[in-house]
Structures are given as C-alpha cells and as structure tokens.
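Here are a few exercises to work through with the model open beside you. Try each task before reading its solution.

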Amino acid sequence: MAPILCLVSLVLTFHTLSAAASNNPKSTNRGVKWIHHGRSVLVHLQIPGLPLWNQEEHIGEDIPSALILNFTVTPDNRTLLLQDQAFLPLPNPDTPPRLNAFQTSESVRQFHGRRKTNYENCPSFELDYERTVHPRDDPSIQYYNHHPSLTLNLLGAGIEGYNTLLKRHEQYVVKVTLKDNNAANGGHTTNPPNHSFEIEDVRLWERWPNNPWVGPDELPECTWHSWRCEEFGDTPWYRYIYRQDFDEFGKIGSLKHDLIRRWKTMNQRLGFWQVILLIFVVSGMTIIPPVYGAYKAVKKIKQLCKRREYRSQVTEWEIDDEEGETLLYGNDYEVDYREKEKYIVEDIKQQHETGVSISQKPLPPVPTQNT
C-alpha cells in the first residue's frame with residue numbers, strides 16, 4: 001500500500017510542477033546581438049504568421065520571417081531610441097511614435113553570423129504595438145535606484161496597403177532593462193527627467209500568459225466626451241498603439257484631437273492673426289448677448305423694486321392723510337367723508353337762508369359751580 005501511495009504522490013507532484021512550469025513564461029537571449037555593449041543592440045524577433053513580403057511583385061509569400069529592432073541610447077545617455085525614435089522617455093506622450101521595422105528571412109543563426117547591420121534593402125513594415133514600462137515612466141513620480149524595464153509587444157504590421165494582426169501565442173515579446181546612473185547609489189529621478197541610461201539586459205520572453213494580444217476592437221471607444229481617451233491617469237497616457245487610432249494630432253476621436261486639428265487647418269488657410277481675430281469676433285457674438293441680456297434683466301428688476309417701494313410710500317401717505325382728515329363725532333369718534341360733505345352742504349344752505357352758519361352757532365354757556 002505504501003509504494004502505491006508514494007507513486008501517486010510523485011505523479012501529483014510532477015503534474016503540479018509541470019503546470020507551474022507551463023504557466024511561467026520562458027525567456028532567451030537568442031536573437032539578441034550587441035553592437036556596442038550597454039549602448040546599442042539589435043533584436044531578431046521571429047513573427048509567426050507574417051508572410052515574407054516580395055518587393056517586386058508586392059505580395060506576401062508563405063516563408064518564415066523576422067523583424068529587426070534596434071535599441072540605442074543617445075550620446076547624452078538621456079533617451080532610449082527604438083528605430084531611431086525616442087521611446088523612453090517619450091517626448092510627447094499625446095502622440096506616441098510611429099514605428100517601422102525591416103523584415104528579413106534570415107534565421108537566428110544567420111543573424112548572429114552576419115557582420116553587416118544594414119537592412120535598408122529589406123521591406124519595411126509599419127507596426128502596431130503595446131508599450132509598458134515598469135516602474136511606469138511618469139516624471140512626476142520620484143524613483144530611487146532606478147532600473148526601468150521596457151516591454152515591447154508587437155500587435156500588428158502593415159506594408160503597401162497590406163495589414164495583418166499578430167495574434168499568435170508563440171510570438172515573443174522584447175524586454176529591455178536599463179540602469180539610470182543618475183538615480184543609483186542614493187540618487188533619484190527628477191522632473192523634468194535627467195537620466196543617464198545604459199542598457200543592462202535584453203531578452204525575449206514568451207508572450208503568453210503575461211502579455212496577451214489585445215485587438216483594437218477590445219479597446220474602449222474614443223469619443224469627444226473624453227479629452228484624450230487616455231488609458232492611464234498620468235503620462236504616458238497610452239499602452240496600446242494602433243496606427244488607425246493615432247495621427248499627428250493625437251488619438252483620433254478625442255476632444256483634444258478635434259480642437260488641435262481644427263486649429264491647424266484654420267491656421268493654414270487663414271493665417272494666425274486672422275484666426276485670432278475670428279475667435280475674438282465669434283467670442284464677442286457668443287458672449288456679449290447673454291451678458292447684455294443679464295444686464296437688462298438686472299436693470300429691470302431694480303426698476304420694479306423702486307416702483308414697488310414708491311407705491312408702498314404713496315400708500316402710507318394716503319393712510320396718513322385719511323387719518324388727519326377724519327372727524328370725530330358721537331360715541332364712535334369716527335365719520336367718513338360722505339358725512340363730512342353732507343355737513344358742509346347743510347351748513348352752506350343754512351347760512352344762505354338765515355345768514356347764520358351752523359359752525360357760527362353760539363356755544364353753550366360755561367357751567368358754573370352753582371349749576
């Protein structure tokens with residue numbers, strides 16, 4: 001019984017280790033050739049499913065091919081170039097660089113045995129790619145002992161109107177590890193950046209499962225409701241760079257892209273100062289009417305308030321006049337104006353007939369103490 005249990009335990013352990021090994025991507029440095037150690041390197045990246053382009057007949061042939069990538073540090077050591085374009089840090093994160101790569105039918109062995117590094121006679125493919133940097137290349141974040149790692153995952157390629165998506169799991173990704181000498185040995189990164197890069201290591205890693213292919217239809221739709229349609233909250237804004245989604249003005253569909261495109265078009269057609277004048281006139285036509293309407297409304301409200309206040313004062317004056325002209329008679333001590341008018345008419349009539357006015361009647365005698 002014991003041997004059977006041991007055998008079962010060994011089988012389960014082997015299965016667990018095999019599963020763990022299958023989930024951990026493998027890496028290799030085959031296809032990596034240093035031109036100048038620490039400064040420049042060529043990468044031979046095999047692309048399964050990408051046909052070899054025939055430049056004479058302008059068609060793709062079913063022949064295994066690879067793309068050649070060139071990573072180089074600038075002479076001042078501040079920037080890492082990919083295909084002679086600034087790739088880390090990005091000069092303008094709003095418009096990621098458009099990449100091209102030469103295609104070759106060379107095998108890895110032929111690539112390492114090749115003395116020349118010139119591939120200008122080979123077909124050049126435009127690339128779609130995924131760009132990630134760890135730790136993220138945000139200049140506002142301060143890093144100590146800075147060793148950034150750049151991962152490049154090619155997602156698509158195109159040439160002369162032919163485009164294809166690079167979906168195959170067996171494709172490798174390129175991982176470049178750098179050392180920032182200005183942020184080592186107690187130093188730290190700064191904003192704006194002041195790097196002193198050198199390339200520490202370059203390896204090819206299996207794409208699956210850490211860097212799966214993500215297609216353009218899987219990305220969120222970009223509309224003018226968003227300023228940039230960014231994928232990160234800070235720079236660099238984008239991770240997945242598809243050629244169809246970007247142009248010289250930024251990400252197509254975003255509000256910023258639309259405004260910059262319109263501004264440049266108007267500037268080219270009318271001229272800078274004419275555009276400024278047009279903006280001033282349009283702004284005046286847009287802003288002045290509401291402001292003038294608000295001014296008129298406030299003025300009207302003030303007039304109504306003054307009129308209401310005036311009416312209130314007139315009412316108080318009328319009440320005071322009525323109280324002053326009120327006559328006091330009898331036990332009620334009140335008499336209205338009609339009684340007053342009646343009294344005056346009778347007085348005038350009696351005075352006309354008798355010559356004696358009611359108001360001129362003799363007063364009753366003053367009472368004495370005896371009475």
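## Exercise 1: Open and enclosed space

In this predicted model, the largest pocket has a volume of about 240 Å³.

**Task.** Find which residues lie closest to the centre of the largest pocket, and describe its lining by class.

**Solution.** 
- Start at the centre: of the 22 lining residues, the closest are Pro 89, Asp 137, Asp 138, Pro 139 and Pro 193.
- Then sort the lining by class, which gives 14 nonpolar, five polar and three charged residues.

**Solution.** 
- The search finds one cavity at that cut-off.
- The space in the largest cavity comes to about 40 Å³.
- Its lining consists of Asp 94, Trp 227, Arg 228, Tyr 238, Phe 249, Gly 250, Lys 251, Ser 254 and Lys 256.
- By class, that lining has four charged, three nonpolar and two polar residues.
- Keep the charged ones in mind for the next exercise: Asp 94, Arg 228 and Lys 256 are linked in a network of salt bridges.

## Exercise 2: Charged pairs

Side chains of opposite charge can pair when their charged atoms come close.

**Solution.** 
- Begin with the total: twelve salt bridges turn up in the whole structure.
- Finish with accessibility: Glu 126 is partly exposed at 34%, Arg 243 is buried at 18%, and Asp 128 is buried.

**Solution.** 
- The two side chains meet in a salt bridge of 3.8 Å, N to O.
- Lys 251 is in strand 17 (residues 250-251) and Glu 231 is in the loop between strand 14 (197-206) and strand 15, 20 residues apart.
- Lys 251 has a relative accessibility of 7%, and since buried means under 20%, Lys 251 counts as buried.
- Glu 231, at 29%, counts as partly exposed.
- Looking back, Lys 251 is also among the residues that line the largest cavity.

## Exercise 3: Cysteines

**Task.** Find which cysteines the disulfide joins, and explain why the disulfide is right-handed or left-handed.

**Solution.** 
- The structure holds one disulfide, and it joins Cys 222 to Cys 229 with an S to S distance of 2.1 Å.
- The torsion about the S-S bond is about 85°, so the disulfide is right-handed.
- Both Cys 222 and Cys 229 are buried.
- For contrast, look at Cys 122, partly exposed at 22%, and Cys 305, partly exposed at 46%.

Notes:
Residues are numbered from 1 along each chain as its sequence is written. This is a predicted model: local features need pLDDT of at least 70, side-chain atom pairs count only at pLDDT 80 or more; totals for chains, interfaces and linings use all residues. Side-chain values use heavy atoms; hydrogens and water are left out. A salt bridge is a side-chain nitrogen of Lys or Arg within 4 Å of a carboxyl oxygen of Asp or Glu. Buried means under 20% relative accessible area, exposed over 50%, partly exposed in between (1.4 Å probe, protein chains only). Helices (H or I, at least four residues) and strands (E, at least two) are DSSP runs, numbered from the N terminus. On a 1 Å grid over the protein atoms alone, a cavity is a set of points where a 1.4 Å probe fits but cannot get out, and a pocket is an open set with protein on both sides within 12 Å along at least five of seven lines; lining residues have an atom within 4 Å of a point. Grid points are joined across faces, edges and corners, and a volume is the space filled by probe spheres set on the points. Ala, Val, Leu, Ile, Met, Phe, Trp, Tyr, Cys and Pro count as nonpolar, Asp, Glu, Lys and Arg as charged, and the others, Gly among them, as polar. A disulfide is a pair of cysteine sulfur atoms within 2.5 Å.
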